[in-house]
Amino acid sequence: IVEVEARSLPMELSEKAGVENNGFVQHEAFEGKEMDSSSQEEMPKTCSVDVDPVAVEETVLKPYAGMPKEVLLQFSSQARYKVTREILFWLIIAGSIALVCATIAIVALSPKCLDWWQASPIYQIYPRSFKDSNMDGNGDLKGIQEKLDHITYLNIKTVWITSFFKSPLKDLGYGAEDFYDIDPIFGSMRDFENLIAAIHDKGLKVIMDLIPNHTSDKHQWFQLSRNRTGKYTDYYIWQDCMQAAGSVIPPNNWVSVFGNSSWQFDAVRKQCYFHQFGKEQPDLNFRNPAVRQEIHDIIKFWLGKGVDGLSFGAVKFLLEATHLRDEPPVNKSQNGESITAYSQLYHDYTTTQVGLHDIIRSFRHTMNEFSREPGRYRFMGSDDNEKDDIEATMMYYGTTFIQEADFPFNFNLINMKNLSGNSIFEAVNSWMKNMPAGKWPNWAVGSPNAARMSTRIGKEYINVMNMLLLTLPGTPVTYYGEEIGMENIASENVSEEHVNSGPVVATLPEKSPMQWNGKVNAGFTEGNSSWLPVNSNYQSVNVEIQSTWSNSTLSLYRALTLLRNNELPMNRGWMCHIWNDSNVFVYVRELDGLDRVFMMVLNFGHESTIDLKAIVPNLPSEAVIRLSTHFSNAGKVVNTKLIKTEMGEGLVLEYKTAKPVHTMEAFQGKCFVAEKACYSKALNLLYVNC
């Protein structure tokens, strides 16, 4: 046996090798054993072996899988592992910070997404004339639910249903007998709830009408007020009337919208009540806080039912002057006793009084309480036709800091007295120039209270008007039937027997039943008759037949809504006025960062030829017809020096340019944008700091 010195790291091995510590037996077991020196005097024999110290060190320090914590800590402090670990740690921190900064930058630079009331056209339905589900000849809520697929077929996502409150229907449903109930002619509250659920299931939104100015004289509030019962005594506007020779002398010369005095004597209360409309629709007293609270409760009730927006109608009539002075006549030489028409007076004391907009802002505040849930913004519109007073209309937008309506409905295109390229320009320019900065425009070419477009301006202009409506910036509003070019029914087919009040007969021809197909009653009802006659042209003007024609008004309408929905310049880009004359109106839609531009050339007069290249510098010599009212022209290439259009023809031209019109000095002051955004081709996203 060779003995090795201690510096040679001797390793002693038990010669007997009788017990082996395999790592699972505790070392203390050996220490606990006693050795009997008397019985075992002989010491174990040992041997020593030479072991290379370097080899031992390398074996011990080499990391291996599953090493215990104590061994792992020996390596963690070594430089090569420590540096690598710190590099990875700081890379992760830097990457996280960069990701957070990039997210913040994208959010900060990204434009506000268009809300649902901006992104889609609005389809307005007069429920009594849309679809009858129970064969009684009257359209109803179930009928609307049956035809929701038609709304989605039009690429529309918002439905506006006009008034359906319980009512004597004296003014076609706008004088409510009960603001909390559905008129039986339209169905039940359960039908309404089912309709709301079906609308939302299809990803659609719904707006409903609310006329807070007046009620029906059958309303419980009025019955209590005329009897001077408690708080209801002053819910309406009452004044003493003088009587002479058996006739009532009203407090002043105020005239109702429907004509004759706006004061009506009530035999029960022995006073006159005020009505801006028919005598069956007494005006509420909005100077009474209890009345205002009643309207707020009504708003909350319907929003709680799931309605996505409200259109407040006749709001300019909410307040009247308390001094009751006579309103000034338009013709100062006219005898006051002969004044019976609404148009014969300046309505300085019965419309748009001081305090009106405070009331409207309070409506907005109540609606905002229901807009806090993400994705459930509640739209508010105001439906007041101020006609010549554009500044009064714009006040309904509110201010930069105090919001009122999301937009007041725009009737400029309906109120035009004649049709031409110039009149269209004036109607569009009037709204865009007066609209407050940052607000959103809207357009309509039909409504329940105006003659249908085809009757008003002629059938040959239906398609070009729809092209205008769906390519202007903002939200287009389509009155039911305009997508197929429905016309008014003949006025001789309408009489007072169709309603209970004479003044509204004049507005019935544009409310004729929707023309669904060529069957009896145009598919509106399976009953024997409808509440109003169906237009005699229903066999050629209906949804079913036009959906099979590639060159129909309906097909063009669908193509235009698809273009609007899919092309960024159309739904939020610049609008620049290029040219107008007695025949044509020309404008472009473009977006910063996109080289693709759409130019609309719309003919509202007679055949015309125009050299657009001479008007727009840097305009390409050729453009492609993206859409045309003459369907066979789509896809053709035209020379921009020689654009020819026929009467009622419309073209949507598409071209590419590096010099958009809104950047040209010649067109400064002729371009408008509501929700400004720029497109980044590299990142494929929109941003605001152009």
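**Figure 1. Overview of the predicted model.** The secondary structure of the protein comes to 19 helices and 26 strands, where helices (H or I, at least four residues) and strands (E, at least two) are DSSP runs numbered from the N terminus. This is a predicted model, in which local features need pLDDT of at least 70 and side-chain atom pairs count only at pLDDT 80 or more, whereas totals for chains, interfaces and linings use all residues. Residues are numbered from 1 along each chain as its sequence is written, and side-chain values use heavy atoms, with hydrogens and water left out. Of the 690 residues of the protein, 51% count as buried; buried means under 20% relative accessible area, exposed over 50%, and partly exposed in between (1.4 Å probe, protein chains only).

**Figure 2. Strand S1 and its two parallel partners.** Strand S1 (residues 122–125) is covered on both faces, with Ile122 and Gln124 buried on one side and Tyr123 and Ile125 buried on the other. Two strands pair if DSSP finds at least two bridges between them. Strand S15 (residues 475–479) runs parallel to S1 and is joined to it by three bridges, with Val477 of S15 standing opposite Ile122. Strand S2 (residues 158–161) is also parallel to S1, through four bridges, and here Trp160 of S2 stands opposite Gln124.

**Figure 3. Helix H11 and the elements around it.** The 13 residues of helix H11 (residues 356–368) should span 18 Å at 1.5 Å a residue, and the end C-alpha atoms are 19 Å apart, which agrees; the expected span is 1.5 Å times one less than the number of residues. Among the buried residues of H11 are Leu356, Ile360, Phe363 and Met367. The buried residues of H11 pack against helix H10 (289–304), strand S11 (309–313) and strand S12 (379–383).

**Figure 4. Nonpolar cores.** A nonpolar core is a set of buried Ala, Val, Leu, Ile, Met, Phe, Trp, Tyr and Cys residues joined through side-chain atoms within 4.5 Å. The largest such core has 128 residues, and those with the most contacts inside it are Trp302 and Leu468. Helix H16 (residues 462–471) gives the most to this core, with seven residues. Leaving aside its neighbours within four places in sequence, Leu468 is in contact (heavy atoms within 4.5 Å) with Leu413, Ile424, Phe585, Tyr587, Leu602 and Phe604. A second, separate core of 24 residues includes Trp574, Val586, Ala623 and Tyr655.

Figure 5. Three strands form an open sheet in the order S6-S10-S9, with antiparallel pairing. Strand S6 (238–239) and strand S9 (263–266) are the edge strands, each pairing on one side only. Four bridges connect S9 with strand S10 (residues 271–274) in the antiparallel sense. A disulfide, which is a pair of cysteine sulfur atoms within 2.5 Å, joins Cys241 to Cys272 (S to S 1.7 Å). Cys241 lies in the loop between S6 and strand S7 (242–244) and Cys272 in strand S10, so the pair ties together parts that are 31 residues apart in sequence.

**Figure 6. The disulfide of Cys576 and Cys671.** The sulfur atoms of Cys576 and Cys671 are 2.1 Å apart and form a disulfide, and this link is right-handed, with 115 degrees about the S-S bond. Cys576 lies in strand S16 (residues 574–580) and Cys671 in strand S24 (residues 671–672), so the pair ties together parts that are 95 residues apart in sequence. Cys576 is buried, with a relative accessible area of 0%, and Cys671 counts as buried at 14% relative accessibility.
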